[in-house]
Amino acid sequence: LKPQAHVTFGDFATVLSLVPDLDRWLSDDKDALRAIIAAKSARTELRYQQLLVRHQRLRRAILQIGQRSR
């Protein structure tokens, strides 16, 4: 992995460690998550933003994490 990919993976790993049901996500959701992480490491974030907007389960999980930390 490129250095930026390591940083991106580490950032996502921290957030994903807070998702209580990640192990129960369907393989399609996990595949889409891998694509999001890979896109985040690209030179531009356009593809990352497009994929992130479409991944409803990830967005919902991030919002729940934010609400728990209040």
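# Ring pair, core and fold

Colleague: How many aromatic pairs does the structure hold?

Modeller: This is a predicted model: local features need pLDDT of at least 70, side-chain atom pairs count only at pLDDT 80 or more, and totals for chains, interfaces and linings use all residues. Residues are numbered from 1 along each chain as its sequence is written, and side-chain values use heavy atoms, with hydrogens and water left out. Rings of Phe, Tyr and Trp (its six-membered ring) pair if their centres lie within 6.5 Å; planes under 30 degrees apart count as stacked, over 60 as edge-to-face and the rest as tilted. The number of aromatic pairs in the structure is 1.

Colleague: Which geometry do Phe12 and Tyr48 form: stacked, tilted or edge-to-face?

Modeller: The ring centres of Phe12 and Tyr48 are 6.4 Å apart.

Colleague: Which helices does the pair link?

Modeller: Helices here are DSSP runs (H or I, at least four residues), as are strands (E, at least two), numbered from the N terminus. Phe12 and Tyr48 are 36 residues apart, so the pair joins distant parts of the chain. Phe12 sits in helix α1, and Tyr48 in helix α3.

Colleague: Are Phe12 and Tyr48 buried or exposed?

Modeller: Buried means under 20% relative accessible area, exposed over 50%, and partly exposed in between (1.4 Å probe, protein chains only). By that scale, both Phe12 and Tyr48 are buried.

Colleague: Which residue lies over the face of Tyr48?

Modeller: A charge sits over a ring if NZ of Lys or CZ of Arg is within 6 Å of the ring centre and within 35 degrees of the ring normal. At Tyr48 the distance to the ring centre is 4.7 Å. The residue over the face is Lys40.

Colleague: Which residues does Val19 contact, leaving aside neighbours within four places in sequence?

Modeller: Contact means heavy atoms within 4.5 Å. Val19 is among the core members that touch the most others. Its partners are Trp25, Ala61 and Ile65.

Colleague: Is Thr8 buried or exposed, and which residues does Thr8 touch?

Modeller: Thr8 belongs to helix α1. Its relative accessibility is 3%, so Thr8 is buried. Beyond residues up to four places away in sequence, Thr8 touches Ile37, Lys40 and Ser41.

Colleague: Why does His55 count as buried?

Modeller: His55 is in the loop between α3 and α4. His55 counts as buried because its relative accessibility is 5%.

Colleague: Which backbone nitrogen does the side chain of His55 reach?

Modeller: A polar contact pairs N or O atoms within 3.5 Å; within protein, one must be able to donate a hydrogen and the other to accept it, and residues adjacent in sequence count only if both atoms are side-chain atoms. Here the distance is 3.0 Å. The nitrogen belongs to Leu58.

Colleague: How many Å separate His55 and Asp29, C-alpha to C-alpha?

Modeller: In sequence, His55 and Asp29 are 26 residues apart. In space, the separation is 7.5 Å.

Colleague: Which radius of gyration does the chain have?

Modeller: The chain has 4 helices and 0 strands, and its C-alpha trace spans about 30 × 25 × 20 Å along the principal axes. The radius is taken over C-alpha atoms, and the globule rule is 2.2 Å times the number of residues to the power 0.38. For 70 residues a compact globule would be near 11 Å. The chain agrees with this, at 12 Å.

How values were computed
A nonpolar core is a set of buried Ala, Val, Leu, Ile, Met, Phe, Trp, Tyr and Cys residues joined through side-chain atoms within 4.5 Å.
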